[in-house]
Structures are given as C-alpha cells and as structure tokens.
Amino acid sequence: MRKNRRTWLPGAAASYGSSSNSERGREILVQHLLVKEEDPKLVLELQKRVAEGEDLGDLAVEYSVCPSKEEGGMLGWVRKGQMVQEFEEAAFNAPLNEVVRCKTKFGWHLLQVLSERDNILGQIQPSELHEKMQDPSFLDNAQLIDVREPDEVAKASLPGFKVFPLRQFGNWGPGITTELDPQKDTYVMCHHGMRSLQVAQWLQTQGFKRVFNVSGGIHEYAMKVDPSIPTY
C-alpha cells in the first residue's frame, strides 16, 4: 500500500551517479487485496482460494477494503520508498507471480508481484549532452526539459528544450504523461542540476523509463562547453 497515492513531487535525494541504481531503479507491478486486522481467518481463506486457482483480482473486487479494489487491487508500478515498510519488504522479496501474505497498520494483505523492470536515472555531463545535440536525430528521438523559471530561461537557454517551470508544477504535473512520452529518453536541466534532479526522480515515479539529469545544469554547460551562453 502506498504511503501517498496523490501525484506529488518528492524532495531531492542524493545523486545517483552516472549509472542506474539497482535498488532505486527496480520497479515492480503489484496487485493486492486488503482485509481488516481482525479478519486473519478471512485472509487465510482467501489465500487458500487463490492457491486453488481463483483470481486475486476477482477476490480483491469482492473482499478488499482498499480503494484499489475498483481496479482489481492493482497498485501499478511501484518502487522502494513509496509503500509502508512491511508491505515494501514483502513485495520486494516476493517471488514473481506468487501470492504472499503480510500485515501492516492497515490490516492483512495478500499481494502478488506480476512483473518487474529497471528504470534508469543517470547523470549526463554537459560535454556529452553537447555531443549528442550535434546529431539531428537526437532531437527527434529524445525529450529535453528545462525546469527553470521563465525569467531564467530568458537569460540563458539551449535549443530544443521545452520549459516546464518547477514553480508551476501544479499546472503541468498531473498531465505529464500526455505531454511527454514515458518510453523516450528524457533529459532534464535546470540552473545547477538540483531542481532537475528532483524532477527527474519524480518522472521515474510516473513511469518514465530512461531519465537523465544534466549535471551542473546550464551553468556548467556555459562554463565548460559554450562560453557564449550567459551565466547568472
């Protein structure tokens, strides 16, 4: 069960470095049902019925007290840090497709991990980004996001970047998967690389598979790659 099911922008965490982080990058597709703490016999009965061939999703619709019952108990793709500890430990240690039982402050859960995948969050150096941008096909196949404010973009900018001001997150955040393609490589830039890291990590929680933070931001790009770009 997720700690918070609302779309929300998390605080910036430590930098991941240049390669994907296996723990943070691993995502699992989870389905579950929840019964009240005082119903341990019911959860055992339901677990037995699943073992005998009944579908966990059908049982979730009928018996679960979690709002996810409306979707057959589907919680979607989740990663570490999004769920309460007991549920997270059970889910990330569960064999694929095997129904396991756990108890949290919400009650008793039966959960099943249906699939898993690795998301990549990398750091890209300005010099490497510059090299990529010399290839016209790169701009066709990648998504470039600048999360600085409009007044900052007016002072210095790079071609091909679409502006999504962080302060206006409430306007563009809820519709990000319609504005952008989660399947495409996505590069995020800000002034010094911290706001962009925050957004890059959030994009991963929204299903974006390959996200890259521009290390040092446009300031580093101006200092090390293109001195014609103003600094501020």
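**Figure 1. Strand E6 is enclosed by the rest of the model.** Strand E6 (residues 142-146) is largely enclosed by the rest of this predicted structure, because five of its five residues are buried. Here, buried means under 20% relative accessible area, exposed means over 50%, and partly exposed lies in between (1.4 Å probe, protein chains only). Strands (E, at least two residues) and helices (H or I, at least four) are DSSP runs, numbered from the N terminus. Look at both faces of E6: Ala142, Leu144 and Asp146 are buried on one side, and Gln143 and Ile145 are buried on the other. Residues are numbered from 1 along each chain as its sequence is written, and since this is a predicted model, local features need pLDDT of at least 70, side-chain atom pairs count only at pLDDT 80 or more, and totals for chains, interfaces and linings use all residues. Side-chain values use heavy atoms, with hydrogens and water left out.

**Figure 2. The strand partners of E6.** Two strands pair if DSSP finds at least two bridges between them. E6 runs parallel to strand E8 (residues 185-189), and five bridges join them. With strand E7, E6 also pairs in the parallel sense, over two bridges. Find Asp146 in this view: opposite it stands Met189 in E8, and Val163 in E7 stands opposite Asp146 as well.

Figure 3. E1 and E4 run antiparallel and are joined by ten bridges. The C-alpha atom of Leu34 is separated by 7.8 Å from that of Tyr63, although the two residues are 29 apart along the chain.

Figure 4. Helix H2 (residues 40-51) has twelve residues. From its first C-alpha to its last, H2 reaches 17 Å, close to the 16 Å expected at 1.5 Å a residue; the expected span is 1.5 Å times one less than the number of residues. The buried residues of H2 are Val43, Leu46, Gln47, Arg49 and Val50. They lie on the same side of H2 because they cover an arc of only 160 degrees around the axis, where the arc is that of the directions from the helix axis to the C-beta atoms. Turn to the other side of H2 and you will find Lys41, Lys48 and Ala51 exposed. The cover over the buried residues of H2 includes E1, helix H3 (56-63), E3 and E4. Just after H2 comes Gly53, with a positive phi of about 120 degrees.

**Figure 5. Helix H4 packs against strands.** In helix H4 (residues 85-93), the buried residues are Phe87, Glu88, Ala90, Ala91 and Phe92. They pack against four strands: E1 (26-35), E2 (74-79), E3 (99-104) and E4 (107-118). Contact means heavy atoms within 4.5 Å.

**Figure 6. The largest nonpolar core.** A nonpolar core is a set of buried Ala, Val, Leu, Ile, Met, Phe, Trp, Tyr and Cys residues joined through side-chain atoms within 4.5 Å. The largest one has 18 residues, of which Trp172, Ile176, Val188, Val199 and Leu203 touch the most other members. Helix H8 (169-172) and helix H10 (194-205) each supply at least two residues of this core, and H10 gives the largest share, five residues. Leaving aside residues up to four places away in sequence, Leu203 touches Ile145, Ile176, Thr186, Val188, Phe208 and Val211. A second, separate core of 17 residues includes Ile124, Leu129, Leu158 and Ile229.

**Figure 7. Helix H11 and its cover.** Helix H11 (residues 217-224) has Gly217, Ile218, Tyr221 and Ala222 as its buried residues. Among the elements covering them are helix H5 (126-133), E8 and strand E9 (210-214).

**Figure 8. Confidence along the chain.** pLDDT is the predictor's confidence in each residue, from 0 to 100. For the protein chain the mean pLDDT is 88, and 88% of the residues reach 70 or more. Confidence is highest in strand E7 (residues 162-163), at 98, and lowest in helix H1 (residues 22-25), at a mean of 52. Over residues 3-23, pLDDT stays under 50.
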